[in-house]
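My entries follow in the order in which I looked things up.

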Amino acid sequence: MRCPYCHVDNDRVLDTRAAEGGYMVRRKRVCSSCHRRFSTLEKLEQLNVRVVKSDETREPLDREKIRRGIERACSKRPIQSSKIEQVVQTIEADIYESFDSEVTAGQIGDIVLKHLASLDQVAYIRFASVYREFDDAHDFIRTISNIADRDPDLPR
């Protein structure tokens with residue numbers, strides 16, 4: 001690793017720690033030439049899974065797009081950012097575990113809904129209304145009824 005200060009490729013690792021739930025490694029280093037300290041972050045290089053959209057176009061899987069959709073669904077809900085990050089990591093892990101090279105946008109939407117159902121019911125309904133393109137109030141009622149049937153703790 002090249003030193004960011006003197007650009008010499010000669011350093012020593014002082015400390016190594018797992019970060020982001022084990023998906024990254026943070027290393028503290030010291031340059032053998034100028035003796036300044038710096039940190040590096042190593043991230044697992046993922047395979048290139050491509051998303052097949054409804055119009056048959058393909059684009060690389062975009063983790064940030066998934067995060068934005070979940071954050072939008074969870075806006076103004078009492079959900080911590082760290083919990084959203086955990087859900088995004090789990091969704092990404094599910095996709096890479098289940099699909100080798102291509103995944104449809106619909107399959108991603110189903111995976112997101114599965115995780116949102118256990119995270120927050122309102123976020124689930126918000127995401128479902130966009131993902132499943134609700135047309136009227138009956139679509140909302142049907143979805144809410146399905147959630148109520150699955151959750152015995154809800155009042156009847």
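Predicted model: local features only at pLDDT ≥ 70, side-chain atom pairs only at ≥ 80, totals over all residues.

**Helix packing**

I began with the contact between α1 and α4, where Gly69, Arg72 and Ala73 of α1 meet Ala123, Arg126 and Phe127 of α4. By class, I sorted the residues of this contact of α1 with α4 into 3 nonpolar, 1 polar and 2 charged.

I then looked up the geometry of the pair and found that the axes of α1 and α4 come within 8 Å and cross at roughly 120°, which makes α1 oblique to α4. The crossing of α1 and α4 is right-handed.

Next I turned to α1 and α2, whose axes come within 10 Å and cross at roughly 135°. These two helices, α1 and α2, are therefore oblique to each other as well, and I noted that their crossing is right-handed. On the α1 side the contact is made by Arg63, Ile66, Arg67, Ile70 and Glu71, while α2 brings Ile84, Glu85, Val87, Val88, Gln89, Ile91, Glu92 and Ile95. I wrote down the division of the residues in the contact of α1 with α2 as 7 nonpolar, 1 polar and 5 charged.

The last pair I examined was α2, residues 81–98, with α3, and here the axes come within 10 Å and cross at roughly 140°. I found that α2 passes α3 in a right-handed crossing. From α2, the residues Lys83, Val87, Thr90, Ile91, Asp94 and Ile95 meet Ile108, Ile111, Val112, Lys114, His115 and Leu119 of α3. The residues of this contact of α2 with α3 divide into 7 nonpolar, 2 polar and 3 charged.

**The largest pocket**

I then asked what volume the largest pocket has, and the value I found is about 740 Å³. It is lined by 23 residues, of which Lys65, Ala105, Ile108, Phe127 and Tyr131 are the closest to its centre.

Which elements each supply at least two residues of the lining of the largest pocket? I listed β5 (58–60), α1 (63–73), α3 (105–119) and α4 (121–131), and I noted that α1 gives the most, with 6 residues. By class, the lining of the largest pocket comes to 11 nonpolar, 4 polar and 8 charged residues.

Methods: Residues numbered from 1 in each chain as written. Heavy atoms only, no water. 1 Å grid on protein atoms, 1.4 Å probe; cavity = no way out; pocket = protein on both sides within 12 Å on 5 of 7 lines; lining within 4 Å. Points joined across faces, edges and corners; volume = space filled by probe spheres on them. Helix = DSSP H or I, 4+ residues; strand = E, 2+ residues; numbered from the N terminus. Nonpolar A, V, L, I, M, F, W, Y, C, P; charged D, E, K, R; others polar. Axes fitted to C-alpha atoms, helices over the stretch in contact; angles between N-to-C directions. Left-handed = near helix turned anticlockwise from the far one by under 90°. Contact = heavy atoms within 4.5 Å. Parallel < 35°, antiparallel > 145°, perpendicular 65-115°, else oblique.
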